[in-house]
Amino acid sequence: MKIELRKRVIDYLCYQADIGYETLYKQERMGFLFGTIHNKDIRITKAVFYKGGKKGRTGITYNPDDFVKRGRQLASLFKKRWLGAYHTHVEETGKISFGFSREDKRSFMSEPTLAEIVVAVRSSRGAQVSSSGRRRLLITKKFGKTSYRYILSGYVKIKKNLRLVKTTMVRSK
Ligand SMILES: [Zn+2]
């Protein structure tokens, strides 16, 4: 089982992380993931930002019922399957937190989603990212003199367990 992300979905997720990273005092951002499942592999073809909730530097406070309602609404609007959510990590304390926090795990397990992507962003102005394992997807982008590094970690619910699965990029389809 793996999570495949369309290139333009990745671009969108990185862009979402950038916005939060460049916001004064920084801001985590979140949204929905839509797509298909092929032979147990999850293919994400669309990502949409969630406007609700209070987005802070180290977390987002939101109403889970409203979030689920909006996810279902968007799925029927786009005629796509709602498969999961994404959120970004932007905290800057000399060390990047690229995986799930305890709070992330708790909210993910309580929601009717299958997958979640954490997008951690770091600029070359900040501390460096250390090793992140083979399952995570690493992206680097350059904007002028600053380069940004993104670590995408994909989690899937398997029965009642949480698993970090391989996240890859697909060009089209
Ligand atoms: Zn988180």
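This is a predicted model: local features need pLDDT of at least 70, side-chain atom pairs count only at pLDDT 80 or more; totals for chains, interfaces and linings use all residues.
Student: What makes up the protein chain, in terms of helices and strands?

Tutor: The protein chain has three helices and ten strands, and from the N terminus on these elements follow the order β-α-β-β-β-β-α-β-α-β-β-β-β.

Student: How do you know that the radius of gyration of the protein chain agrees with that of a compact globule?

Tutor: A compact globule with 173 residues would have a radius of gyration near 16 Å, and the protein chain has 15 Å, so the value agrees with that of a compact globule. Along its principal axes, the C-alpha trace spans about 40 × 30 × 30 Å.

Student: What share of the residues in the protein chain is buried?

Tutor: Buried residues account for 35% of the 173 residues, where a residue needs 20 or more other C-beta atoms within 10 Å of its own to be given that word.

Student: Why is Tyr25 called exposed?

Tutor: The cut-off for an exposed residue is 12 or fewer other C-beta atoms within 10 Å, and Tyr25 has 7, so Tyr25 is exposed. Tyr25 lies in the loop between helix H1 (7–22) and S2, and its phi is near 65 degrees, a positive value in a residue other than glycine.

Student: What makes Lys79 exposed?

Tutor: Lys79 has 7 other C-beta atoms within 10 Å, and because the limit is 12 or fewer, Lys79 counts as exposed. The place of Lys79 is in the loop between helix H2 (64–78) and S6, and Lys79 has a positive phi of about 55 degrees although it is not a glycine.

Student: How do you know that strand S2 pairs with strand S6?

Tutor: Pairing requires at least two bridges between the strands, and since six bridges join S2 (residues 30–38) to S6 (residues 81–89), these strands pair, running antiparallel. One of the residues involved is Leu33, whose bridge partner in S6 is Gly84.

Student: What makes S2 and strand S3 a pair as well?

Tutor: Eight bridges join S2 to S3 (residues 41–49), and because at least two are required, S2 and S3 also pair, again running antiparallel. In S3, Ile44 is the bridge partner of Gly35.

Student: How many residues lie between S2 and S3 in their hairpin?

Tutor: There are two residues between S2 and S3 in the hairpin, and Asn39 in the turn has a positive phi of about 45 degrees.

Definitions and conventions
Residues are numbered from 1 along each chain as its sequence is written. Helices (H or I, at least four residues) and strands (E, at least two) are DSSP runs, numbered from the N terminus. The radius of gyration is taken over C-alpha atoms; the globule rule is 2.2 Å times the number of residues to the power 0.38.
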